[in-house]
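Let's take a walk through this structure together. Have the sequence and the model side by side as you read.

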Amino acid sequence: MDVKALSFLGIKGKIGLIIILFVVFIGITAPVISPYDPTSLFEPFEPPSSTHLLGTDDVGHDVLTILIYGARVSILVGFATATISTFIGLLTALIAGCYEGLDPIISRILDFFLVIPRIPFIVIISAFLTPNIFIVILVLSFFGWAKTARVIKPLVKQVYSREYVKRLKCIGAGNWYIILRHILPATFPLAVAQFVLEGGHAILAEASIGFFGLEDPSTLSWGMEINHALQKSIIFLTNIWTWVLGPPILMLTITLLSTTFISIDLETRINPRLKVRSW
Amino acid sequence: MSHVSDTSKEVILSIRDLKVKFYTEEGEVTVISDVNLDLFKGETVALIGESGSGKSILGHTIIRLLPKNANVSGHIIYKGIDLLKIDSSLLRNIRGREIAWIPQMVGSSLNPTVKIGVQIGEVLIDHYNYRNQRAWSSAIDLLKLFEVEPAEEVAKGYPHQLSGGMKQRVLIASAIAARPNLLIADEPTKGLDTIKKTLIVNIFKKIKDLKPDLSILLITHDLKFARELADRVIVMYCGKVIEINDKNSFFELPLHPYSKLLLKSLPSKGLYPIPGKPANVANPPSGCRFHPRCPYASDICEKSSPPLIKLDLNRCVACWLYKR
Amino acid sequence: MGVSRRFFVSKAAFYISLFILSITTVFLLVRMMPGSPLDYLGGEAEDVPYILTEEVREKLLSYYGLDKPLWEQYIVFVNNLLHLNFGYSIYFSEPVTRILLPHLMRTLILITLGFLFSISISFPLSIISAWRRGSTLDTIITLLSMSIYSIPSFALAILFLIVFSVELKLFPLIGFSAEENILDILWYALGPAMVFAVAESGRAYYFMRNSFISELDKDYILFAKSKGLKNKTIILRHLLRGSLSPIISKLALLFGYSLLSCMFVENVFNYPGITWLLLISYEYYDYPVLESILLIFMFTVIVMNAIADIISFIIDPRVRGGWM
Ligand SMILES: Nc1ncnc2c1ncn2[C@@H]1O[C@H](COP(=O)(O)OP(=O)(O)O)[C@@H](O)[C@H]1O
Ligand SMILES: [Mg+2]
């Protein structure tokens with residue numbers, strides 16, 4: 001298990017990476033590539049045509065434009081949440097794994113966090129503050145770091161109890177020197193796998209918040225778009241659902257599929273026993 | 001290819017041109033090369049060699065338990081059947097009933113969640129359609145024979161309640177319960193003290209009494225143990241068979257320089273360690289694999305690998321010193 | 001014996017502290033939500049303030065005990081919980097238990113049905129996959145389950161509705177019939193349960209496959225194979241029994257978290273279960289109902305954790321041996 005494990009991905013990981021890079025690209029270049037301004041309104045429920053490639057939604061937004069801006073929200077939430085919770089989780093794991101005295105307390109805190117049901121609590125929290133995406137990011141990170149800490153902690157413990165670490169301590173190396181120079185690098189592959197996993201969870205959770213209609217109404221996210229569409233049962237009477245509901249669901253699924261594929265690929269690299277045939 | 005053959009004795013297992021490769025992240029590693037040997041009915045052969053020389057892998061190969069990343073070529077003929085070519089249902093009928101295997105990992109080879117009695121008796125149920133009751137009492141008989149007492153209690157218990165020596169005996173009982181014709185025992189005395197070793201020696205003698213025509217391939221690096229039980233000795237070094245000899249002849253007049261040094265390293269002979277580092281199969285020396293450590297090495301040893309030379313009916317050695 | 005008692009006590013203390021922490025968190029979060037249940041009394045928020053004079057408002061607040069300071073409310077809340085009194089719903093003006101029970105029952109039906117479906121699909125598939133790890137079959141099943149796992153469960157639910165209710169008109173679009181006849185209940189639960197099952201089976205399959213694979217790598221499985229046991233014996237006795245404890249524990253945990261997936265399914269299908277009620281009670285600031293549902297959420301996770309501990313205690317003789 002070393003950094004080398006990350007320098008190459010299997011075919012699954014590569015496909016996942018290409019998809020996620022594509023979504024990132026769309027998100028970053030949204031103002032340039034989207035056909036319209038996200039605030040401009042047209043006739044509602046217009047079917048796909050040359051002027052509106054994916055038609056328009058219930059209030060008259062161009063669906064393709066919303067879709068492109070939605071990628072922005074998903075990627076931002078996924079990336080930021082994964083970064084924050086991996087950072088905190090990793091830090092916690094390092095502290096709990098290397099300072100034995102703190103481990104019991106930290107473990108109890110982690111256990112408590114793992115009992116908290118994310119979505120219902122976000123529902124309640126949304127009563128306090130209307131979740132714009134920064135609040136969503138903060139709340140999701142608040143709930144996300146514990147899992148990362150839980151997964152990485154055993155590895156930290158294992159590395160920390162290795163012979164060479166003991167020897168380093170005998171020579172008088174400082175604890176944080178050992179942690180930063182020797183233990184942190186060893187947790188790197190697992191941390192990256194966890195980062196991708198957490199990113200996927202965050203994207204899903206953000207979409208779920210949108211799906212329940214709890215996000216700031218001005219947020220242009222896939223989840224909110226699905227929520228708006230579902231409010232109008234008329235979309236099921238004709239084939240309107242094919243363009244107002246289909247595209248955001250498809251984009252969301254593809255994005256989540258890519259994070260799943262990357263994290264599974266990383267996981268089998270870290271733990272080769274789980275390997276499916278590499279084809 | 002030269003190999004031992006003896007018309008007076010019935011060959012039960014013969015291995016021809018066996019080669020075992022592993023595909024690893026670092027590339028291909030050949031852990032066993034050009035192994036040729038015969039096992040006769042009723043004899044006990046000790047397979048000795050230092051750790052990493054491929055003894056366990058040879059055992060795994062015979063009973064076909066190598067991991068998926070292994071590649072095997074050659075022939076392993078058991079009673080006229082090539083074990084490397086048979087299908088899984090025939091293999092299942094041979095395993096346990098014809099050929100049994102005692103694994104090296106004593107601590108982890110018993111299922112911690114299954115009763116001891118079941119783990120011993122289950123072979124009888126699966127191979128001979130024994131009723132549960134009958135298999136259970138056979139298990140208890142075996143435990144009694146191997147002096148794992150109180151047998152009834154032990155049979156009802158679980159592995160974690162046993163000591164290391166008891167686990168080893170349970171493992172042996174479990175392997176031989178179906179009365180196989182060939183037993184491969186992988187380091188059965190590993191990690192045991194002298195008293196427990198004596199117990200294991202007695203158990204092997206009891207097994208022999210139970211079934212005199214049982215052949216045993218005794219994988220060990222415990223020369224004393226080999227001396228007490230074996231009829232013949234096969235020496236492996238770095239994935240190759242380098243000597244095949246009768247027991248008495250081996251301990252009195254070992255052929256290969258490695259064997260000579262090995263015997264000298266025994267405590268009773270003064271504990272002279274063999275100089276140099278053990279060879280690594282992943283990166284074997286050129287020519288004779290022992291030449292970097294061999295006091296008799298000459299140019300040819302460095303350049304080409306000696307074949308297994310047949311000296312007489314019972315003795316073979318792979319060393320250029322014996323090439324006339 | 002002393003050690004095991006201490007272990008037991010510390011476990012119990014841990015779970016009790018988790019309960020207390022959950023109760024406190026839920027109470028604080030809900031009671032501190034900006035807004036008041038009275039805003040919605042008797043109708044929409046806009047209408048109420050006109051009807052509700054300051055005097056009536058005070059009276060109502062004191063009637064529901066909401067005029068007291070937070071800590072006093074907390075004591076009342078905890079005290080009520082200890083007497084299994086969940087309070088009186090402000091919005092529905094009925095005891096919470098009366099409101100909750102039918103919803104809880106529908107959710108339980110959904111989850112149980114869904115779990116039965118999900119496990120009957122994923123359990124055999126995961127065994128097949130692990131047993132033939134690396135085969136084309138394994139690859140296909142794993143990819144498929146990964147894809148399903150990636151689809152958000154609300155998307156699955158929407159998809160299901162479109163295909164079966166909108167296009168094929170097989171299932172009702174509305175969530176529930178007024179009639180509480182058992183067949184009707186099952187019929188209305190069937191659609192949501194199937195979606196729930198598909199959503200959960202991806203996850204269940206993946207972790208079961210991984211558990212089985214790590215189990216299959218154990219030395220005792222290799223030994224069981226070497227004995228020529230039937231595949232049936234190896235799988236049912238050695239593979240399943242060894243991995244049963246981690247799998248059942250994990251299933252208990254999955255069950256604990258399954259209310260979350262339920263939340264999406266119930267809301268898409270408009271199935272009036274407990275998670276559907278959560279959003280209603282949230283909308284109307286119905287503190288007692290909201291608190292009870294959140295507590296149910298957290299308690300199922302905690303209780304399932306405890307059950308997982310107990311199960312591994314019962315199944316695994318190693319743990320059991322340590323305890324007694
Ligand atoms: N699965 C494997 N992949 C690659 N190499 C292996 C594998 N198993 C064993 N080996 C190598 O095969 C060699 C022989 O091992 P083994 O037969 O266990 O030695 P021993 O004589 O001590 O029993 C060792 O050098 C070991 O590194
Ligand atoms: Mg060995």
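A residue counts as buried here when its relative accessible area is under 20%. Keep that cut-off in mind as we go, and remember too that this is a predicted model.

To find it, go to the loop of chain B that runs between strand S6 (99-102) and helix H3 (116-128). The side chain of B:Ser109 reaches the backbone oxygen of B:Met105 at 2.5 Å. Who else surrounds this serine? If we set aside neighbours within four places in sequence, B:Ser109 is in contact with B:Pro103 and B:Leu171 from chain B, and with C:Asp219, C:Tyr220 and C:Phe223 from chain C.

Now step back to chain B as a whole. Chain B is divided into two parts: domain 1 covers 11-98 + 181-275, while domain 2 covers 108-179. Taken over C-alpha atoms, the centres of these two domains of chain B are 25 Å apart. Where they meet, 19 residues of domain 1 of chain B are in contact with 14 residues of domain 2 of chain B. Together the two domains of chain B bury about 1,500 Å², with 66% of that area on carbon and sulfur atoms.

What holds charged groups together across this boundary? The rule finds 1 salt bridge between domain 1 and domain 2 of chain B. You can look for a salt bridge between the side chains of B:Glu147 and B:Lys206, at 2.8 Å from N to O. There are also 6 residue pairs in polar contact between the two domains of chain B, counting pairs with both residues at pLDDT 80 or more. On the domain 1 side of chain B, helix H2 (88-94) and helix H7 (194-210) each supply at least two residues. The largest share of that side, 8 residues, comes from H7(B). By class, the side of domain 1 of chain B that touches domain 2 has 9 nonpolar, 3 polar and 7 charged residues.

Let's turn to chain C next. Chain C has 13 helices and 0 strands. Of its 324 residues, 51% count as buried. Among the contacts in chain C between residues at least 6 apart in sequence, 74% join residues at least 24 apart.

Our last stop is where chain C touches chain A. The contact takes 52 residues from chain C and 44 residues from chain A. The size of an interface is often given as the accessible area lost when the parts come together. For chain C and chain A, the buried area is about 4,200 Å², and carbon and sulfur atoms give 79% of it. How many salt bridges are counted between chain C and chain A? The count is 0. Several helices of chain C give two or more residues to the side that touches chain A, among them helix H1 (2-31), helix H8 (182-216) and helix H10 (231-269). H6(C) gives the most to that side, with 9 residues. The residues of the side of chain C that touches chain A divide into 35 nonpolar, 12 polar and 5 charged.

Conventions
Residues are numbered from 1 along each chain as its sequence is written. Chains are lettered from A and ligands numbered from 1 in the order in which they are written. This is a predicted model: local features need pLDDT of at least 70, side-chain atom pairs count only at pLDDT 80 or more; totals for chains, interfaces and linings use all residues. Side-chain values use heavy atoms; hydrogens and water are left out. Contact means heavy atoms within 4.5 Å. Buried area is the accessible area (1.4 Å probe) that two parts lose on being put together, summed over both. A salt bridge is a side-chain nitrogen of Lys or Arg within 4 Å of a carboxyl oxygen of Asp or Glu. Helices (H or I, at least four residues) and strands (E, at least two) are DSSP runs, numbered from the N terminus. Ala, Val, Leu, Ile, Met, Phe, Trp, Tyr, Cys and Pro count as nonpolar, Asp, Glu, Lys and Arg as charged, and the others, Gly among them, as polar. Domain bounds come from an automatic or database domain assignment. A polar contact is a pair of N or O atoms within 3.5 Å; within protein, one must be able to donate a hydrogen and the other to accept it, and residues adjacent in sequence count only if both atoms are side-chain atoms. Buried means under 20% relative accessible area, exposed over 50%, partly exposed in between (1.4 Å probe, protein chains only).
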